[in-house]
Amino acid sequence: PILSWHHQSWDTEPDIVGWKGIPKAEEVMSDFFLTRWPDGLRCGELKLAQRLDVLNDDLAQRRMLSSNGVQASHGEQGGSDGDGHGGGV
């Protein structure tokens, strides 16, 4: 699995025309107003999408090293958040 979150820059579909009153996804989808992010990351900002992309690269590298029998610590103090996977977002 990968970490992901919608960002407007990835939306390549044309805007819907001819229908009035369609609310924005941010106004009606609970994902947007119920999800909480660590300080410095905000829903809708490119910075959040970029951070998740970096975490995915890190996860992919760990999986690749693990499949080769190598363990990566990434210099994290303690090295685990309780589930054996290092820290969170």
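The largest pocket of this predicted model has a volume of about 380 Å³. A pocket here is an open set of points on a 1 Å grid over the protein atoms alone, where a 1.4 Å probe fits, with protein on both sides within 12 Å along at least five of seven lines. The volume is the space filled by probe spheres set on the points. Its lining consists of 14 residues, which have an atom within 4 Å of a point. Asp15, Ile22, Pro23, Lys24 and Ala25 lie nearest the centre of the largest pocket.

| Class in the lining | Residues |
|---|---|
| nonpolar | seven residues |
| polar | two residues |
| charged | five residues |

Asp, Glu, Lys and Arg count as charged, Ala, Val, Leu, Ile, Met, Phe, Trp, Tyr, Cys and Pro as nonpolar, and the others as polar.

The chain has three helices and zero strands, in the order α-α-α. Helices are DSSP runs (H or I) of at least four residues, strands (E) of at least two. Of the 89 residues, 13% are buried, meaning under 20% relative accessible area with a 1.4 Å probe. Among contacts (heavy atoms within 4.5 Å) with a separation of 6 or more, 50% join residues 24 or more positions apart.

The average pLDDT, the predictor's confidence in each residue from 0 to 100, is 76 for the chain, and 76% of the residues score at least 70. Over residues 76-88 pLDDT stays under 50.

Residues are numbered from 1 along each chain as its sequence is written. Local features need pLDDT of at least 70 and side-chain atom pairs 80 or more, while totals for chains, interfaces and linings use all residues, and side-chain values use heavy atoms, without hydrogens and water.

Technical notes. Buried means under 20% relative accessible area, exposed over 50%, partly exposed in between (1.4 Å probe, protein chains only).
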